[in-house]
Amino acid sequence: MIIQQISVFLENRAGQLLEVTDILAEHHIDMQAINIAETADYGIARLIVDNPRKAAEALSERGYVLRATPVVQAPVPDRPGGLSELLRAVAAADIDIEYMYSAFMGQRNGLAYMIFRVEDSSRLDGVLAKLS
Amino acid sequence: MERYYQPEIETASREQILAWQNERLLRQVRHVWDNVPYYHKKMEEKGVSPEDIRSVDDLHKLPFLTKDDLREAYPYGLLAKPLKNCVRIQSTSGTTGRRVVAFYTQHDVDLWEDCCARAITAAGGTDEDVCQVSYGYGLFTGGPGLNGGSHKAGCLTLPMSSGNTDRQLQFMVDLGATILCCTPSYAAYLAESIHERGLRDKIKLKAGIFGAEAWSEEMRRDIENRLGIKAFDIYGLTETSGPGVAFECSEQSGMHINEDHFIAEIIDPDTGEVLPDGEKGELVFTAITKEAFPLLRYRTRDICVLTRKPCSCGRTHVKMSKPMGRSDDMLIVKGVNVFPSQIETVLLEQGYQANYQIIVDRVNNSDTLEVMVEMTPDNFSDSLGRITDMEKGLVAALKAMLGIYAKVRLVAPKSISRSEGKALRVIDRRKI
C-alpha cells in the first residue's frame, strides 16, 4: 500500500524530537512508525502517522521544514525468513531500496510491517501485491 | 645598531620628505588626469583639476577611491600605463564580486621590493641571513613582495610559500633560516610544531616579519618567547602594491609608512573629513610613485592612528598603529579578505535564504570560518544523501568564492536571530 511519509528537519540538540512528538500529541495524531537519519549537526525524522495532512499542517504551523513523500507500506510474515522472501522479490524486480524501516502498527495475524522508500513506489507496490 | 636599507630616505628630514611628496603628488595627479579617464571624470565631478593641487595641503580636494570603484573599473579602468609597459599582475585572494587586480610596471615592482627590503633590513636582515618566505606565492602579494624584498636586502631567500609544515620545518632546520616571513597565525602554528617536535634548539631564527592578519601584543610576545625571536609587524594591501607600505622597526611601537611612496591621511569614515594626527579614523593612501596602478586617496577601511613622535630607531617617516578595526564589514580570515555579501551571494545562488550567520574563531592558532544556514523547504529532502550533497555543493561554491574553506552548518528555519534593524551577521570569537 502506498502511503504518505512526513519528513521533518531537526537540529541535533536536546529536546528537539520531544517538541515534535508533543505537537503530534496535542493534535491527537497517532504515530505508526518513526525513523531517524542523522549527521553530526542535524537529523531527518521520518514519520508515518494516521493523519499525514493534519500532521504536516501542525508541524508547518510551528515553523518546521518538512516534506511529504510517498512510501510503500508492506506486511511481512512475522517468522524467520519472512523479510528475506520479500526482499528476494524486490531484488528480482531489480528495484533499489533507498531506505527502509520497520513500523509498529498493530502486529495482527502474525504480520509485521515495513516501510520502503524507492524511486517508483507504484512499481514496488505492484511487485509486493503479487506476493501476498 | 639600527640598520636601514635606504638610510638617506628612511632618515630624511621632514622638510625633505615633504618636498618629495609635493613634487611627486603634482606629477602623479597629472599622470592620473591624463591617463585614467575614470578618475579624470571623478575629479571633474568634484570640480577639481590638476592646477588646483599645488602641494600636499591640497590633497583633501581630490575625490576618494573605494573598493566599489575598483570593482566598477575592473579590470582595466584604473590602469594608467599601456599594458605593454606592465610586467606583473597581483590580485586579492579568491573573490569574484570584489576581486582587486593590480598592475605593475618593472619600476613599480622595484619600488615595492625596496619597501619590503626596508622592512626586512629593519628586522635585522643582511647578506648573512637566510630568509624563509612562508607567505603564499602567486596572485597573493605576500610571497612575491617579501621574496623580492629579501633578494634586495641580500638575504639568501627560501621561497617556501605557505603550507606543508613538515617541509617548512625541515628547511628551517637544515638550511638554518634566520628570518621567517608569514602570517602571525602560521608563525604561532609553526612555533607550536617546533616545540612538539623538540626542534627548539635546532632552529636559528632571530626575527620574524608577520603581517596580512590582525594580531595582538600578547600573540607577539607568545611567538617571540616560543621561538626566541623578535617579531615585527608589516602592513600593506594589494591596492597599494602589497606588503611593505608600512613596517615596524626595533621600537616595535607602530609601523613606519614609506612616505616617499605613499601619503597617508586619517579621515572620519562617516564625513570623509581629514582628521588631525593622533586621532583615530580611517586610513587613506595616495600612491605618489606608482606608474601602472596609481590610486589617489584610496580608502583602506582600516581604522588606525598616525603618530609623528620622533622614533628611537632614527626613521623620520610617520608611524601608523596596528589597524584597530574596519569601517566596513570586511573580515580577514586566514589572511584572506571575506565580505559577508560574498557569502550572501553564494547562498542565494544555491537556493538558500539570505538569512545566515558567520562565526569566525581561532582554534589552535588557526582561523576557522563557519556559516550557519537555515534549511528551506525547497532544499529539504527525506534523503540524507541529497541533503549532504547539497551541503557539499554549498561548501564548494563558498570555497570558489572566498578562496578558503568554510564549514557549513544547516540549522532549523528561523533559528538565526533576527533582531530589529541590523541583523547580527558576524560573530567574531577570535581573541586578538
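Start at the boundary between chain A and chain B, where there are three salt bridges (a side-chain nitrogen of Lys or Arg within 4 Å of a carboxyl oxygen of Asp or Glu). The model is predicted, so local features need pLDDT of at least 70 and side-chain atom pairs count only at pLDDT 80 or more, while totals for chains, interfaces and linings use all residues. Residues are numbered from 1 along each chain as its sequence is written, chains are lettered from A in the order in which they are written, and side-chain values use heavy atoms, with hydrogens and water left out.

**Stop 1: a salt bridge.** Select R386(B) and E98(A). Their side chains meet in a salt bridge, at 3.4 Å from N to O.

**Stop 2: the side of chain A that touches chain B.** β1(A) gives the most, with five residues. Colour this side by class: eight residues are nonpolar, five polar and seven charged (nonpolar is Ala, Val, Leu, Ile, Met, Phe, Trp, Tyr, Cys and Pro; charged is Asp, Glu, Lys and Arg; polar is the others, Gly among them).

**Stop 3: both chains together.** In contact (heavy atoms within 4.5 Å) are 20 residues of chain A and 21 residues of chain B. The two chains bury about 1600 Å² between them, 59% of it from carbon and sulfur atoms (buried area is the accessible area, with a 1.4 Å probe, that two parts lose on being put together, summed over both). Now select F9(A), Y42(A) and V65(A): in chain A these lose the most area to chain B, together 36% of what that side buries.

**Stop 4: inside chain B.** Colour residues 7-328 as domain 1 and 336-428 as domain 2; such bounds come from an automatic or database domain assignment. The C-alpha centres of domain 1 and domain 2 of chain B lie 32 Å apart. Their contact takes 15 residues from domain 1 of chain B and 13 from domain 2 of chain B.

**Stop 5: the boundary between the domains.** The area buried between domain 1 and domain 2 of chain B is about 1100 Å², with 46% from carbon and sulfur atoms. The salt bridge count between these two domains is zero. On the side of domain 1 that touches domain 2 of chain B, four residues are nonpolar, six polar and five charged.

Notes:
Helix = DSSP H or I, 4+ residues; strand = E, 2+ residues; numbered from the N terminus.
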